[in-house]
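User: Hi! Could you walk me through the model shown here?

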Amino acid sequence: AGHLLPSESTVHARVVAAWEDRVSYAAQQLRETREEAAAEVRSRDERRALFLKRAVGRDPADLSHYDLVVNATRLGVEGAAQ
């Protein structure tokens, strides 16, 4: 959503985490095996990237589009929220 809002009034933030942490979290939340969760995380990443490319012509992996990048692996959930 941040890519669709005007830069003048929006802080563009991205929360990142290590692949293994993302897969573990997805497996727990979706109650799937690690293999199923990894496929789901990969699929979601691909769908999000495709949407951003089609909707606004941006690559979500290009960190220059963000004002702030928060690493949830390094900070933990509480630290990232703060």
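User: How are α1 and α2 oriented to each other?

Analyst: This is a predicted model, with local features needing pLDDT of at least 70, side-chain atom pairs counting only at pLDDT 80 or more, and totals for chains, interfaces and linings using all residues. Numbering starts from 1 along each chain as its sequence is written, and side-chain values use heavy atoms, without hydrogens and water. The axes (lines fitted to C-alpha atoms over the stretch in contact, with angles from 0 to 180 degrees between N-to-C directions) of helix α1 (residues 19–30) and helix α2 (residues 34–56) come within 8 Å and cross at roughly 110 degrees. With 65 to 115 degrees as the range for this class, α1 and α2 are therefore roughly perpendicular.

User: Which residues of α1 make the contact with α2?

Analyst: Contact means heavy atoms within 4.5 Å. On the α2 side, Arg34, Ala37, Ala38, Glu40, Val41, Arg42, Arg44 and Asp45 take part. The α1 side consists of Trp19, Glu20, Arg22, Val23, Ser24, Ala26, Ala27 and Leu30.

User: What is the pattern of the chain along the sequence?

Analyst: Helices (DSSP H or I, at least four residues) and strands (E, at least two) are numbered from the N terminus. The chain has three helices and two strands. Read in order, they give β-α-α-β-α.

User: Which element gives the most to the lining of the largest pocket?

Analyst: A pocket is an open set of points on a 1 Å grid over the protein atoms alone, where a 1.4 Å probe fits, with protein on both sides within 12 Å along at least five of seven lines; lining residues have an atom within 4 Å of a point. Here 32 residues line the largest pocket, with Val15, Val16, Arg22, Asp45 and Arg48 nearest its centre. β1 (13–16), α1, α2 and α3 (72–81) each supply at least two lining residues. The most, seven residues, come from α2.

Note on methods. Parallel < 35°, antiparallel > 145°, perpendicular 65-115°, else oblique.
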